[in-house]
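Here is a short briefing on a protein model, arranged by topic. Please keep the structure open while reading.

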Amino acid sequence: MNVALLIVVKVLGVIGVAFLSVFVGLLYKGIDRKLAAHMQGRVGPPILQPFWDVGKLLQKENIVPDNAVVWLFNTVPFFALISTITIMMYIPMGGLPPVLFGSGDVIVIVYLLTIAGISMVIGGSSSGSPYAAVGAQREMVTMISYELPLVMVVISLAWRISKLTNLPAFSLLTFTQYPLWSYTGILGGLGLLILLIVLLMVTPAELSKLPMDLPEAETEIAGGLLVEYSGRNLALFYIADAVKVVVMSSLIVVLFFPYEISGVLGISGGVAYVLDFLFFWVKVLGIMILDVTSIRVAAARFKINQVATAYWMPVFFLSLVGLGLLAVDMAL
Amino acid sequence: MAEHINVSYNVPVGPIHPALKEPVNLTFEVEGERIVDVKVKPGWNHRGIEFMGMERNPIQVIHLAERICGICSFVHAISFVQAVEEAAGIPVPERALYIRAIVGEMERIHSHLLWAGVAAHELGFDTLLHYSWQLREKVMDVLEIVTGNRVNYGMMVFGGVRRDITPEREKALFDMINYYRRNSDRLKELFLEDPTVKLRTRGYGILTYDEALKLCAVGPTARASGLAIDVRHDEPYAGYKYLNVEPILPDAYTGEVIGDLYDRFVVRLLEVDQSVDIIEEALEKIPEGEITSEPKLPKLMVTLKKAEGDGFGRHEAPRGEVVHFVRLKAGKDNLDSWKVRASTYGNLMTWPPMFKDTQIADIPIVVASIDPCIGCMDRVTVVNRRTKTENVLVYDDLHRLSVEKTRRLQRK
């Protein structure tokens, strides 16, 4: 294939995936809000409400506080959104390979997730509000706490895959080609289950959702990191948050549930791609409902010392157990 | 050990903040997340109601008193009416006394359920907020059936009440009793057995017995610290004279008294059950008869105009004891003097000791734990308009002023 055509395809793919992820992110946010409302005995907003929210925010005045560091304050929302959307470029959706296939792996994703978090920290700190300062501290502490178990999960899986194949073990495409559940015994399956639980426990903190929404904690620090943001900047953070939910759910799907439906139904060709693509989004929706919606309506907010202790001690220990079981399973 | 570096900074909470339902200002000195010190500054919601009351005649003031507080509107009406009845010597029929107690208990149920929802919201547990407010709707509906209004019931009048409990209304009340009996276990399980709620409330915001006593805490805040005070039990009034009311302490549920946030949850939720029992007992014992000793308001007005004397009215509001003091002068249409001491006035000063060893995350729930009603409580701030400075009178100033006044009176 000639290089120019390749570049055109990639650019179109990047634009397509960017718009797709924003659209799905906002749509899923609407579904999440509606479902959460029903779980709480409320009616809830219309499913398309997030689109109206973004539209409204984009029309609103963008207020910058007097004592803010203006250029930082205005730049970081873009960083948050761009780094989050970039992750979607590395995620294989169903049978389709990732847009940026070959130029990055799961380690890049972990870094990009961190960039999204750090840009919120920078944005909060540059806004000059004491609430945002508290929120920034909390986001930093939360990030330091959950990164270790998160990376443990990723490395455990990659290590196990590296024993199966010579393909690059950290590439997400390899994860989809070698669904680990099929290659492990009972002990290994148990280990995988434990690693899955660890990843599910990390996700609410990664996404700043209840019960881990300490950096924003509306009743405590009035929205924390986002307290001074309004208008366009807030809209960008809002979209970034919505996309991040999809990103984390997709990551769980790719790492643990890469199975496709076309093989089961015995369909092949172009229809199979469409079917697998749709099935991928259904799986993402399922993970989001399980791990974001139903958890955030079922618990009170934790405190920062409780979060740090929980992730450093029991959750990290759990990930070690998972890795240990995988290793034992392979040795047997 | 390294030298202690002072890294504290100030976090203002209020007058407007999501953790607060009404304006009050708390300035926290924090180190990281840890609270070092707190300064409480009320005075943002003073409405001068006592002054307005002294410009009106007592019958008008009943409705004004009801509007002191939007949530516990009945408590101010009953305390005020009792104070005036005592000052003017107006008799009240027994049936009216029972009805007063029934409405008072219904208000306690709705206030405690409302509080439980707010407290859950402060913990970030919105599901419980919606659940307890859904339960609260029942008592609001029955309040509307019985009194005609969901808030500001307009039930009180000197010498009795304005609406009788008819058989249909009685049926609605029994319905409500059954409804809360059915749901009470689930309510307690959701609030008191939930691990995340326990994690946030057990052992935080402790108010010891001694401090509760010293700071004159009242109501559930005091009872959660083990102080067995309850006006309904200590100095029975209205229908409570004929009913069985025991102060509820948290050890009835947990077996021990710690005085933390959890204990305040326990006391309030148990009091919902207690109120249901009281209403049932009152409905069984309520005698037939008149509901007011003087239905004609002009005649009542004449009696009040002739009356001379002081009166005290006390009521155990959902938040604690409410006291109204009234002085009537013969030949004067209006009240000569009116003084309101709302329950939050007694509870406000329990905040600083509660904030010991807590974090920023605990601020909303500790603030909410005394169920503050700033609108009832707020007092004047003295502002010098020329120099734009505010004068806050602290304990020493007040003590000096009262000594000066006593001396002045002695000289006369």
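Is Tyr178(A) buried, partly exposed or exposed? Tyr178(A) is partly exposed, because its relative accessible area is 21%, and the buried class ends under 20%. The model is predicted.

**Tyr178(A) in its setting**
- Tyr178(A) sits in the loop between α6 (172-177) and α7 of chain A.
- Its C-alpha lies 37 Å from that of Leu48(A), and 130 residues separate Tyr178(A) and Leu48(A) in sequence.

**Chain B overall**
- Chain B contains 18 helices and 10 strands.
- Its radius of gyration is 22 Å, close to the 22 Å that the globule rule gives for 412 residues, so chain B is as compact as a globular protein of that length.
- The C-alpha trace of chain B spans about 80 × 65 × 30 Å along its principal axes.
- Buried residues make up 56% of the 412 residues of chain B.

**Nonpolar patch, chain A**
- A nonpolar surface patch is formed by Leu187(A), Leu190(A), Leu193(A), Ile197(A), Met201(A), Val328(A) and Leu332(A).
- Together these residues have about 600 Å² of accessible area.
- Helix α7 (residues 186-206) of chain A gives the largest share of the patch, 5 residues.
- Leu193(A) belongs to helix α7.
- Leu193(A) has a relative accessible area of 38%, so it is partly exposed.

**Positive patch, chain B**
- Lys405(B), Arg407(B), Arg408(B), Arg411(B) and Lys412(B) gather on the surface as a patch of positive charge.
- Arg408(B) is part of helix α18 (residues 395-411) of chain B.
- Arg408(B) counts as partly exposed because its relative accessibility is 44%.

**Backbone features**
- The peptide bond from Leu210(A) to Pro211(A) is cis, with omega near 0 degrees.
- Pro211(A) lies in the loop between α7 and α8 (218-221) of chain A.
- Ala238(B) is not a glycine, yet its phi is positive, at about 40 degrees.
- The loop between α10 (231-234) and α11 (251-254) of chain B holds Ala238(B).
- Ala238(B) counts as buried, because its relative accessibility is 5%.
- Asp357(B), also a residue other than glycine, has a positive phi near 60 degrees.
- Asp357(B) is in the loop between α15 (351-354) and α16 (363-369) of chain B.
- Asp357(B) has 66% relative accessibility, so it counts as exposed.

Note on methods. Residues numbered from 1 in each chain as written. Chains lettered and ligands numbered in written order. Predicted model: local features only at pLDDT ≥ 70, side-chain atom pairs only at ≥ 80, totals over all residues. Heavy atoms only, no water. Patch = residues over 30% accessible without salt bridge, like charges linked within 9 Å, V, L, I, M, F, W, Y side chains within 5 Å. Areas by Shrake-Rupley, 256 points an atom, 1.4 Å probe, with all protein chains shown as cover. Salt bridge = Lys/Arg side-chain N within 4 Å of Asp/Glu carboxyl O. Lys, Arg positive; Asp, Glu negative; His and termini not counted. Charge placed at Lys NZ, Arg CZ, Asp CG, Glu CD. Helix = DSSP H or I, 4+ residues; strand = E, 2+ residues; numbered from the N terminus. Buried < 20%, exposed > 50% of the residue type's maximum accessible area, 1.4 Å probe, protein only. Rg over C-alpha atoms; globule rule 2.2 N^0.38 Å.
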